Amino acid sequence: MSRVLPAEGGLRRVIGDGDALPDGEVEGLGRDQLLALYRNLVLLRTYDERSVIYHRQGRIGTYAIFWNHEAMQAGSVSALEERDWIFPSYRESAIGLLRGMPASTVLSWWRGHPAGWWNPQDYGVASICVPIATHVPHAVGFAWGARLKGEDRVAIAYFGDGATSEGAFHEGATFAGVMKAPAILFCNNNQWAISTPVSAQTAAPTLADKAIGYGMPGVRVDGGDVLAVYEATREAVERARAGEGPTLIEAVSYRAAPHATADDPSIYIDEERVQEERENECVGRYERYLERAGVLSAAEAEEIRIDALAVMREGIASAEAEPPADVSLVFDHAYANPPPPLATDLDELRRILG
Ligand SMILES: Cc1ncc(C[n+]2csc(CCOP(=O)(O)OP(=O)(O)O)c2C)c(N)n1
Ligand SMILES: [Mg+2]
């Protein structure tokens, strides 16, 4: 069971520090599931670190780094069933990997290539949402619709601390609460919206406090503790399935990498705090927990890292093997009945591009 540490604003935790703070356990998680969680964390970490390199090499475009957000993503997805749907923001771009999506698909998305589009029904993963919070009503509407159809499905929407200031978040949360939609509103509170600190987003003591206004429980969890995230999400899933409605989960961390490859945080961030966070990053924290529990050996960990690297090597090779998209794609899905001048524009574009 996870403990609540009141000194830290009710942040739920399971993983101890190997010293004064003892390790907890999550009921029902056996060795195989603990290792599967680790595999997922390493896959996401490897995806993220390789992507920054691919960006520097000019092989993908601007990329939203999620280093140290892996525990929030892997922990929460592991608490879902395959039939539940995921609504990611750009920060969770690679979350589909945890549902069997090829790495090449996500890398193609970041290359701006149509091979990066997928059918959400294939994975139960909606399109990556870049406008802040607009997918919160989508997820809630999906969850409500599933309930009307008598389907036993939960939807989870991922968004940041900054998103909680958006109208779409408010509309989605209000609707979810009133309709008792089987939805989970998962806030990754990394304490920054690019250069805007969370203190500018709300005067409330915590983001989880907002839940009371929407008539749903608000849970605060240590976002670097994959087991605490898993357990909090599992409880939210159980509530949703039981018809008790939505939950707002606030997973707290501190952004330990730039917002994206186009950002220079050195002019606004607290470097000491970043250093602290990096030293206590979520993959290492879980790895040490598993070692203390005798579940993971150094050799197994190495094998898992090698497997993840192979996934990425194969992923970038197949993304780069895609033929360039035809320029007509720019026009293809804009109109059901394209106005005649568009054909002229396309001819002109082809002429310019040779
Ligand atoms: C509607 C909208 N407004 C502004 C932006 C520009 N923008 C991109 S990321 C971002 C910050 C979002 O911060 P947060 O919600 O905390 O998520 P994080 O990036 O920290 O995961 C902003 C304002 C946008 N994408 N969409
Ligand atoms: Mg943020």
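**Aromatic contacts, metal site and strand core**

Tryptophan 144 is partly exposed, with a relative accessible area of 28%. Phenylalanine 175 is likewise partly exposed, its relative accessible area being 32%. In these terms, buried means under 20% relative accessible area, exposed over 50% and partly exposed in between (1.4 Å probe, protein chains only). The model is predicted, so local features need pLDDT of at least 70 and side-chain atom pairs count only at pLDDT 80 or more, while totals for chains, interfaces and linings use all residues. Residues are numbered from 1 along each chain as its sequence is written, chains are lettered from A and ligands numbered from 1 in the order written, and side-chain values use heavy atoms, without hydrogens and water.

The structure holds 15 aromatic pairs (Phe, Tyr or six-membered Trp rings with centres within 6.5 Å; planes under 30 degrees apart are stacked, over 60 edge-to-face, the rest tilted). In one of these pairs, the ring centres of tryptophan 144 and phenylalanine 175 are 5.1 Å apart and the planes stand at 85 degrees, so the arrangement is edge-to-face. Because tryptophan 144 belongs to helix α5 (residues 135–148) and phenylalanine 175 to helix α6 (residues 167–179), this pair ties together parts that are 31 residues apart in sequence. Helices (H or I, at least four residues) and strands (E, at least two) are DSSP runs, numbered from the N terminus. A further edge-to-face pair is formed by phenylalanine 169 and tyrosine 214, with 5.8 Å centre to centre and 90 degrees between the planes. Distant parts of the chain are linked here, since phenylalanine 169 lies in helix α6 and tyrosine 214 in helix α7 (residues 211–214), 45 residues apart. Phenylalanine 169 and tyrosine 214 are both buried. Elsewhere, ring pairs join Tyr47, Tyr63, Phe66, Trp109 and Trp110 into a cluster. Tryptophan 67 has arginine 45 over its face, at 4.3 Å from the ring centre, and arginine 278 also lies over the face of tryptophan 67, at 4.1 Å from the ring centre (Lys NZ or Arg CZ within 6 Å of the centre and within 35 degrees of the ring normal).

The magnesium ion (ligand 2) is coordinated at 2.1 Å by Asp161 through OD, by Asn190 through OD1 and by Trp192 through O. Donors are N, O and S atoms within 2.8 Å of the metal (3.2 Å for Na, K and Ca), and sites may look incomplete because water is not among the atoms. Along the chain, the donors of this magnesium ion follow the spacing D-x28-N-x1-W. Aspartate 161 is placed in the loop between β4 (155–160) and α6, and tryptophan 192 in strand β6 (residues 192–193), so the pair ties together parts that are 31 residues apart in sequence. Aspartate 161 and tryptophan 192 are both buried.

Strand β4 is largely enclosed by the rest of the structure, because six of its six residues are buried. Both of its faces are covered: Ala155, Ala157 and Phe159 are buried on one side, and Ile156, Tyr158 and Gly160 are buried on the other. Strand β3 (residues 85–87) pairs with β4 in the parallel sense over three bridges (pairing requires at least two DSSP bridges). Within this contact, the bridge partner of tryptophan 85 in β4 is alanine 155. Strand β5 (residues 183–189) also pairs with β4 in the parallel sense, over six bridges, and its leucine 185 stands opposite alanine 157.

Strand β8 (residues 218–222) has four of its five residues buried, so it too is largely enclosed by the rest of the structure. Five bridges connect β8 with strand β9 (residues 247–252), and the two run parallel. Across these strands, glycine 218 faces leucine 248 of β9.

Several individual positions complete the description. Alanine 74, in helix α2 (residues 70–77), is buried with a relative accessible area of 0%. The C-alpha atoms of alanine 74 and valine 226 are 7.1 Å apart in space, although the two residues are 152 residues apart in sequence. Asparagine 68 has a positive phi of about 75 degrees although it is not a glycine. This asparagine lies in the loop between α1 (31–56) and α2, and asparagine 68 counts as buried at 2% relative accessibility. Alanine 133, also not a glycine, has a positive phi of about 75 degrees. Its position is in the loop between α4 (120–123) and α5, where alanine 133 is buried with a relative accessible area of 1%.
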